Number of protein chains: 2
Amino acid sequence: MISDKMKPLLNNNSTIRAMFEEGMRLRSLVGEENVFDFSLGNPNVPAPKAVGEAIKKLVDTVDPVTLHGYMPNAGFPDVREKLADHLNRLHGTSFTGRNLIMTVGAASGLNILLRTLLNEGDEVIVFTPYFMEYGAYARNYGGTVREVPTDQKTFLPDMEAFRAALNARTKVVIINTPNNPTGVIYGEEVLKALAAALKETEEKYGTDIVLLSDEPYRELAYDGTPVPYVTKFYHNTIVCYSYSKSLSLAGERIGYLLIPDEVTDAQTVIDATIIANRTSGMVNAPALMQKTVAEVADTDISGTVSYYDRNRTYLYDHLTRLGFDCVYPAGAFYLWMKAPIEEKAFVELCKKHYVLVVPGSSFSGPGCVRIAYCVSYERLCGSIRAWEEIASEVFAK
Amino acid sequence: MISDKMKPLLNNNSTIRAMFEEGMRLRSLVGEENVFDFSLGNPNVPAPKAVGEAIKKLVDTVDPVTLHGYMPNAGFPDVREKLADHLNRLHGTSFTGRNLIMTVGAASGLNILLRTLLNEGDEVIVFTPYFMEYGAYARNYGGTVREVPTDQKTFLPDMEAFRAALNARTKVVIINTPNNPTGVIYGEEVLKALAAALKETEEKYGTDIVLLSDEPYRELAYDGTPVPYVTKFYHNTIVCYSYSKSLSLAGERIGYLLIPDEVTDAQTVIDATIIANRTSGMVNAPALMQKTVAEVADTDISGTVSYYDRNRTYLYDHLTRLGFDCVYPAGAFYLWMKAPIEEKAFVELCKKHYVLVVPGSSFSGPGCVRIAYCVSYERLCGSIRAWEEIASEVFAK
């Protein structure tokens with residue numbers, strides 16, 4: 001009954017489903033409170049109070065015909081202007097509402113942009129380990145993914161490998177900083193090096209290459225680590241943003257694409273992306289949520305950041321004390337850890353102790369696991385005994 | 001910069017944009033109150049009060065981590081159960097939550113289902129005139145649209161032409177009842193005839209053909225006209241629903257797909273559609289809106305229906321009195337009218353009188369225009385003078 005193209009996706013999906021069902025099984029077996037589920041990037045910190053207040057205020061004060069009705073497919077003009085101003089205040093940029101397209105979360109933003117840009121056989125570069133749905137998105141539109149390794153200590157792009165991977169078919173390079181799954185942040189030097197290689201390649205082949213910056217974790221940066229605004233480094237930069245993590249609105253599907261005027265044929269790219277948004281079926285980003293994020297754009301989320309920061313240092317300190325080899329994360333809410341034994345066996349061992357983590361192979365980073373620490377601090381503290389038992393089993397060997 | 005596939009879409013889009021911009025120009029020229037815009041299917045009746053109350057109650061009583069967070073990609077299990085129960089009470093069916101996939105509006109539902117079903121070159125049958133975005137959706141996944149005419153008096157499917165169009169490559173037949181743009185409702189006899197032809201074709205070729213019932217206007221039926229539930233007539237029926245029109249939530253992008261157990265390989269189709277929902281970038285339907293529609297599923301919307309009904313008879317009576325040839329709509333909120341002169345010239349003439357209507361060619365129904373009467377009654381009354389002037393110009397000729 002289903003199409004041939006869906007069949008491999010259905011087969012791949014069984015891994016994710018198996019993990020999910022295993023979690024359900026364990027919970028029903030030993031109780032919710034005894035399962036330490038670090039598998040999902042679903043924020044545990046509630047949305048700021050300002051979000052709920054904004055929603056109620058909007059319901060009370062805005063005409064429902066406007067609040068819940070169709071608006072231009074790119075989003076409410078006032079929302080786009082407000083968010084452009086917000087970005088300009090933060091980054092000293094000079095965007096207008098015209099540069100923003102409100103999207104059904106970042107995943108939709110990435111899809112409609114890749115649809116807009118990719119011809120059959122065009123290449124999309126990603127840096128391993130990475131969020132592998134990028135691959136599914138690129139393949140939706142005939143794109144081919146080319147994986148480029150990162151340095152295995154810093155997890156920053158291997159520039160030599162990057163330069164070697166660039167060619168006449170390169171159309172998009174996706175970066176994700178702060179990074180899922182490593183927590184690494186790309187500093188100015190890295191962005192400058194990427195930009196230089198891209199410009200050189202564009203000139204060499206007479207092509208345009210888009211640097212697509214996927215930034216749902218932008219605000220989740222610790223120790224004051226700066227997260228430079230990528231549009232300042234390279235003309236063909238397009239930013240994909242989501243409020244899923246910063247405002248804990250992952251289920252609401254609200255974000256935007258930012259397409260600066262410096263992008264080649266900017267207005268055409270903007271127009272085509274809006275059409276892709278409509279004809280791919282999203283039509284527009286959810287109306288009430290557009291208005292909501294515009295209302296709370298300036299809300300202080302330092303409490304959210306501190307919460308994850310405490311989790312981060314607590315977990316990192318304990319795991320390294322126990323002998324595990326982890327990347328100290330500068331941002332996001334993931335810990336990337338070397339599997340001390342064979343990856344799949346390690347994931348199984350963790351499960352035996354009711355600890356759920358994602359195998360690194362799911363991020364094209366074999367030999368590692370990802371630990372999502374967007375869980376309650378109490379649950380995190382409660383997991384340490386399990387980690388101690390896991391450590392004693394693997395390091396005794 | 002943009003892909004070859006997007007270029008024709010960009011060119012087509014200029015018609016819609018031109019119409020939109022013309023509306024803006026006219027409004028700024030003669031004032032909002034003097035432009036009679038019948039071009040958009042954006043409900044003018046506000047969402048029922050229960051919607052705003054449900055939203056506020058949910059914000060006040062549900063943990064924001066649940067209310068705004070990720071849920072299974074198919075939607076909140078409790079929401080799906082509640083809506084299945086609702087359908088069962090209304091239609092005497094026996095669906096469970098497992099049969100429902102919450103979607104980012106009907107447009108997303110149609111897209112992810114077509115993606116799930118279509119192989120390159122598969123045919124999708126539509127009945128003219130029709131909502132032409134169906135064509136864009138089908139082509140997104142390699143499908144080919146085959147247009148089948150309707151009877152030019154009743155606008156019900158021409159069964160002879162339908163039977164002639166069915167073949168071994170037919171994969172999906174889309175029906176839309178109550179219909180956009182004609183307002184026609186398919187009764188039991190029509191559905192039985194469609195089902196018989198489909199079953200015969202399935203048996204002849206050993207194939208499966210999905211009858212995709214796109215039903216955003218289900219509740220907008222007048223004079224007590226029944227809108228039979230399509231799953232009762234044909235085993236491979238899949239329903240695509242949206243709350244855009246019934247609850248005036250067009251901007252919120254909330255609806256569902258219903259895939260009954262009677263569908264061939266039902267569980268596989270359900271699983272694959274959920275994956276298509278995720279990998280196409282929607283991920284899940286907006287969380288708060290899922291909970292909201294479940295809360296208000298039983299809300300009485302007879303006030304909304306009466307409002308459109310009054311508009312319907314008022315406009316129909318006046319336009320036929322003036323000599324125009326219109327289909328008396330049984331449902332939805334559109335009037336399908338024969339253009340008394342050449343279609344494009346007529347649209348231009350209307351515009352001269354500050355009346356905006358959509359040319360029938362935009363629905364593959366040339367020689368007609370669509371008048372969306374989801375506007376305020378006062379505005380509708382105000383438009384009659386303009387219609388009189390238009391009538392005197394065309395019928396004097």
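## Salt bridges and polar contacts

Four salt bridges cross the interface of chain B and chain A in this predicted model. One salt bridge joins B:Glu133 to A:Arg278, with 2.8 Å between the closest N and O atoms. Polar contacts link 38 residue pairs between chain B and chain A, both residues being at pLDDT 80 or more.

Several helices of chain B each supply at least two residues of the side that touches chain A, among them H1 (6–30), H5 (105–117) and H10 (287–295). The most comes from H9(B), with eight residues. The side of chain B that touches chain A has 40 nonpolar, 22 polar and 15 charged residues.

## Extent of the interface

Chain A and chain B each bring 77 residues to the contact. Together they bury about 5900 Å², of which 59% is on carbon and sulfur atoms. B:Met1, B:His68 and B:Tyr70 account for 15% of the area that chain B buries against chain A, more than any other three residues.

## The sheet of chain A

Chain A has an open sheet of seven strands in the order S2-S8-S7-S6-S5-S3-S4, and the pairing is mixed. S2 (100–103) and S4 (144–148) of chain A are at the edges with a single partner strand each, so one side of each has no neighbour in the sheet. On average, neighbouring strands are turned by 20 degrees against each other, direction ignored.

S7 (residues 237–242) and S8 (residues 255–258) of chain A pair antiparallel over four bridges. A:Ser242 has A:Gly255 in S8(A) as its bridge partner.

## Helices on the sheet

Helix H9 (residues 266–279) of chain A packs on the sheet and touches S2, S7 and S8, its direction making about 15 degrees with that of S2(A). Helix H4 (residues 77–91) of chain A lies across S2 and S8, at about 115 degrees to S2(A).

Note on methods. Residues are numbered from 1 along each chain as its sequence is written. Chains are lettered from A and ligands numbered from 1 in the order in which they are written. This is a predicted model: local features need pLDDT of at least 70, side-chain atom pairs count only at pLDDT 80 or more; totals for chains, interfaces and linings use all residues. Side-chain values use heavy atoms; hydrogens and water are left out. Contact means heavy atoms within 4.5 Å. Buried area is the accessible area (1.4 Å probe) that two parts lose on being put together, summed over both. A salt bridge is a side-chain nitrogen of Lys or Arg within 4 Å of a carboxyl oxygen of Asp or Glu. A polar contact is a pair of N or O atoms within 3.5 Å; within protein, one must be able to donate a hydrogen and the other to accept it, and residues adjacent in sequence count only if both atoms are side-chain atoms. Ala, Val, Leu, Ile, Met, Phe, Trp, Tyr, Cys and Pro count as nonpolar, Asp, Glu, Lys and Arg as charged, and the others, Gly among them, as polar. Two strands pair if DSSP finds at least two bridges between them. Axes are lines fitted to C-alpha atoms, for helices over the stretch in contact, and angles run from 0 to 180 degrees between N-to-C directions.
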